[in-house]
Every structure is written in C-alpha cells, then in structure tokens.
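These are my notes from a first pass through the structure. I wrote down each item as I looked it up.

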Amino acid sequence: MKLWGGRFSKSTDSMVDDFNSSIRFDQRLYKEDILGSIAHVSMLGKQNIIPQEDAEIIKKELKAILQDIEDGKIEFDIEAEDIHMNIEKILISRIGDTGKKLHTGRSRNDQVALDMRMYVKKEIKEIQSLILKLQSVLIKLSKEHAETIMPGYTHLQRAQPITLAHHLMAYFEMFKRDIERLNDTYKRTNILPLGSGALAATTYPLDRYAVAKDLGFSDVTFNSLDGVSDRDYCIELLNNLSLIMMHLSRFSEEIILWSSHEFHFIELDDAYSTGSSIMPQKKNPDIAELVRGKTGRVYGDLMSLLTTMKSLPLAYNKDMQEDKEVVFDAIDTVKMCLPIFTSMIETMKVLKDNMYNAAGVGFTNATDAADYLVKKGLPFRDAHEIIGKLVLYCIQHNTSLEKLSLEEYKQLSPAFDEDIFKAISLEECVNKRKIIGGPAKEMVLQHIQKAEEYINSI
Ligand code: ARG
C-alpha cells in the first residue's frame, strides 16, 4: 500500500514503480532525512501540533532506524519510491498510528529540499578540506622549489624563466578561489526551506526558526514557492565543482606534458603510474589523464541540471528529482580526484636539472637583455628590435645569447658592456622580478608565508 494510495483504486504498473522511484540513488540522504524529521517532529511537539509524548516516541524510533540503517539492517523498498517514504513507512510499520503523525505540516517537496541542502552543506565542508590538503602539499613543494628554475610558457613556447614554486603557487591561488566560491555557495545553501509545504506553506503554527536553529541553518526561506523549487545552490555547487575540475585538469595536462620524454621535467612515482599491456617500456600518467577526462563528466553534470531546470514552471516538478544523480556524481568525482591528485604530485620526482637546462634554451632571457638596454638609456622598442636581431643572429649561428662575445653584442649596439652576461643569467632574470606577484625567490617566499597564514586561518 502506498503512503499516498487513498485516492487510487488501482496499484501502479511495476514499470512505473521502477521509473518513478529514486531510492536507488537517494538512499544516501538517509541521515539528513532522519535528522530533518527529528528536528521537525521535536518542533511539532513543542508547538503542541502533535502531543509531546508522540513526538518523543517518533524521535526515539527515528534514531533507532538511523542506527539500523548504519548497521546495514535495513533493506529499502523500491515500491516506497524514495528515501523519504521508505523511512516513513518503516517508522509506521514499527510504531503504528503514532508514526503517521510525523508528516504533519510537511510535504516531500520541502522535505527533499531540506535534505539536499543539508547534504550539500556537509559535502561542501568535506570538499574544502580536501582542497586544503592539496594546498598544503603545494606549499610544501613550493618551499622545496623556490630556487628550482624552469621555463615559463606562453603559447606553450618557452617565454621567460620562472621557478617551480612560482608555477605551483599559481595553482594555490586557483584553489583558494575555489574554497571561497564554495563558502559563498554555502551561505545560500544554508537557508531552511522546511515550512514551505508542498508549495503554499501550511496552516500549522510551525516554528521555522526553531527548526533552523536545531539543524544549524542561518535563516529560513521567505517564499514557499521558491523554497520548494529553488535548485540554484545545486547549480552553483556544480559550477564550483566544474571550476575545481578545470583547475585540476589544467594541472593534469601539465603533469602529462612534464612527464613525457619531450619535456622530462618530472617522473611520477611508480605507485601513481601505470604500464602498457603491450609496450614493456611504458610508464603512463593515467591518473592525470583520468582527472582530465573526468572534468568533462562534471561539466556534463552542470549542463544537465541547468537544462533540467530551464523551463520548469513554479513550483515543484518531478523533473527536479533528476538533480540528485548529477549532484552526487559530481561530488563523488571531485572527492575521488582531489586526494589521488594530491598524492600523485606529492610523490613525483622533480628533475631540476632538466628544468634548468630547458629554461636556458629558447632565449627565455631575451626580455631581460632588452631591459638591460633600457636601463642603459635606450627606448624599449629600440631595445626590442636590437635583441630581436641578436636572437636571429644566434639562430643563424646555432648559439645562444649567453654564448655570444661582447664584440658580437657591440656590433648591434655600443651600449652593451661586460655586465650583460650577469644581467641575462637565469638566476638574475628570475630574482630581479621582485615586484608583488613576481617569481623572485623573496617574493615567492612572501607569497608562501601569506598562503600558510591563510590555510591556518581556516
Ligand atoms: N523523490 C522526490 C525528489 O527527489 C521527492 C519529492 C517528491 N515529491 C512529489 N510531490 N512527488 O524530488
């Protein structure tokens, strides 16, 4: 017998039960559902909407059901459709008519809205702590590599020398924004929808603020139609998760490039690489590739929910049940990717010499050579032109700027002096860039210090 069976004279087709039911995937909301029900029923008792003793009996049994679910003693029933009705059905089967009072002044529409918000709140915190762990590893590696010179790129062409620490701390900033975006979404998720009823609230004198306080919400929703039909916070979350994945994916792409023979900047630990079933020599960066691949999947989750929501009239529509699988999938994916990615970079071997040598090839110090002439009084455009000619000369003579003789320099400009060689050394190129945000060791160390303060303040 369905909990809503009164109006029906025939039972549903079994295909309909399968199709309609969400218990397969929404059973993971069991805890939120029960805690929400406990808060609701406590308030019903306190407000004398139902007798206090009944509220106590229901509360006690809900706690027992929670325990039984956690002990694996409960089997959910597809016919009971979703987690909300499964739990209510179990409750009624155990305590009879008293159990039927739980749903007073409530609809599954505001109930599911509550459960999802509680769940999203919990997951935001967990994801933030996983990001923090990744950031700590970035800081640790950056401290070790504040002097590890490597080429910085634009257009994937060697551009100017930087350090590995500078490069890694760029990702620190991205993940910091991800944490902040999650904080922001958290604020809008942290609003209690219970009390919105099916769509038009309720006639019972519910104390919504008491329930909000009990469940740790900072406020209550102010329009019952919006309360049951808002999924913006889910979309915001998916957007945040997409950006996290985008950052992980860009980083993965670099790990993949860096571990190739062409770059050979790093070597992944054996524990975080895989082999080939045919080519005995292969060591593949599968983990990074999968993180990059799974990014598409999370974007898909975002697009899916945006599309589901786009034309829904107010208020609740069953389409919204489709929010669960995409939100769960994106959360699971991000929670799987973050720790494995963190361990992968923590254990990788950095091939410092290769990075250094790569920075020394490809004229990454050409800008500094031009800046040298500017400091000797030439306008930047003229300096640019002269160094451009020198680079061409080097290419034609298969040499590099630091290997030219002073005479060769002087042929292009009398402004060159012996000190040009120091000015274009990779160390100078990096360490002279000591404005805020620059790669100079002292600036990166300052950034790292701020980053540590940030992490410790959370
Ligand atoms: N399983 C449903 C969902 O996830 C719960 C709400 C159902 N409400 C309803 N009126 N059918 O959206």
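**Entry 1: Asn48**

I began with Asn48, which is found in the loop between H3 and helix H4 (52-70). Helices here are DSSP runs of H or I with at least four residues, strands are E runs of at least two, and both are numbered from the N terminus. I noted that Asn48 has a positive phi of about 55° although it is not a glycine. Is Asn48 buried or exposed? Asn48 counts as exposed because 10 other C-beta atoms lie within 10 Å. The cut-offs are 20 or more other C-beta atoms within 10 Å of the residue's own for buried, 12 or fewer for exposed, and partly exposed in between, with C-beta atoms placed from the backbone.

**Entry 2: what I am reading**

The model is predicted, so I kept its limits at hand: local features need pLDDT of at least 70, side-chain atom pairs count only at pLDDT 80 or more, and totals for chains, interfaces and linings use all residues. Residues are numbered from 1 along each chain as its sequence is written.

**Entry 3: the hairpin**

I looked next at strand S1 (residues 149-154) and strand S2 (residues 157-163), which run antiparallel and are joined by 6 bridges. Two strands pair if DSSP finds at least two bridges between them. Thr154 has Gln157 of S2 as its bridge partner. S1 and S2 form a hairpin with 2 residues between them.

His155 is found in the loop between S1 and S2. I recorded a phi near 55° for His155, a positive value in a residue other than glycine. His155 counts as exposed because it has 6 C-beta neighbours inside 10 Å.

**Entry 4: Gln160**

I then followed S2 to Gln160, which lies in that strand. Gln160 counts as buried because it has 20 C-beta neighbours inside 10 Å. Which residues does Gln160 touch, not counting residues up to four places away in sequence? I found Gly152, Thr364, Thr367 and Cys429. Contact means that the C-beta atoms of two residues, placed from the backbone, lie within 7 Å. Gln160 and Thr364 are 204 residues apart along the chain, and their C-alpha atoms are separated by 4.3 Å.

**Entry 5: domains**

The protein chain is divided into domain 1 (15-104), domain 2 (109-147 + 162-203 + 219-357) and domain 3 (360-446). These bounds come from an automatic or database domain assignment. The C-alpha centres of domain 1 and domain 2 lie 32 Å apart. I noted that 10 residues of domain 1 are in contact with 11 residues of domain 2.

On the side of domain 1 that touches domain 2, helix H2 (23-26) and helix H3 (30-46) each supply at least two residues. H3 gives the largest share of that side, 4 residues. The residues of that side divide into 2 nonpolar, 4 polar and 4 charged. In this scheme Ala, Val, Leu, Ile, Met, Phe, Trp, Tyr, Cys and Pro are nonpolar, Asp, Glu, Lys and Arg are charged, and the others, Gly among them, are polar.

**Entry 6: the ligand**

Where does the ligand lie? It lies between domain 1 and domain 2, because both give residues to the shell around it. I listed the residues that surround the ligand: Ser22, Asp26, Asp82, Arg108, Asn109, Val112, Tyr316, Lys318, Met320, Gln321 and Lys324. A residue is near a molecule or strand if its C-beta atom, placed from the backbone, lies within 6 Å of it. The shell holds 3 nonpolar, 3 polar and 5 charged residues. Its largest share, 3 residues, comes from helix H6 (residues 108-144).

Val112 is found in helix H6. Val112 is buried because 26 other C-beta atoms lie within 10 Å. The C-alpha atoms of Val112 and Gln321 are separated by 9.1 Å, and the two residues are 209 apart along the chain.

**Entry 7: a cis bond**

I found a cis peptide bond between Leu314 and Ala315, with omega about 0°. Ala315 lies in the loop between helix H11 (286-309) and helix H12 (323-347).

**Entry 8: the record**

In an unreviewed entry, UniProt annotates residues 6-300 as "domain: Fumarate lyase N-terminal". UniProt positions are in the numbering used here, feature names are shortened, and annotations may be inferred rather than shown by experiment. Over residues 6-300 I noted 61% helix and 6% strand, with the end C-alpha atoms 40 Å apart.

UniProt, again in an unreviewed entry, places "domain: Argininosuccinate lyase C-terminal" at residues 363-431. Over residues 363-431 the chain is 64% helix and 0% strand, and the end C-alpha atoms are 17 Å apart.
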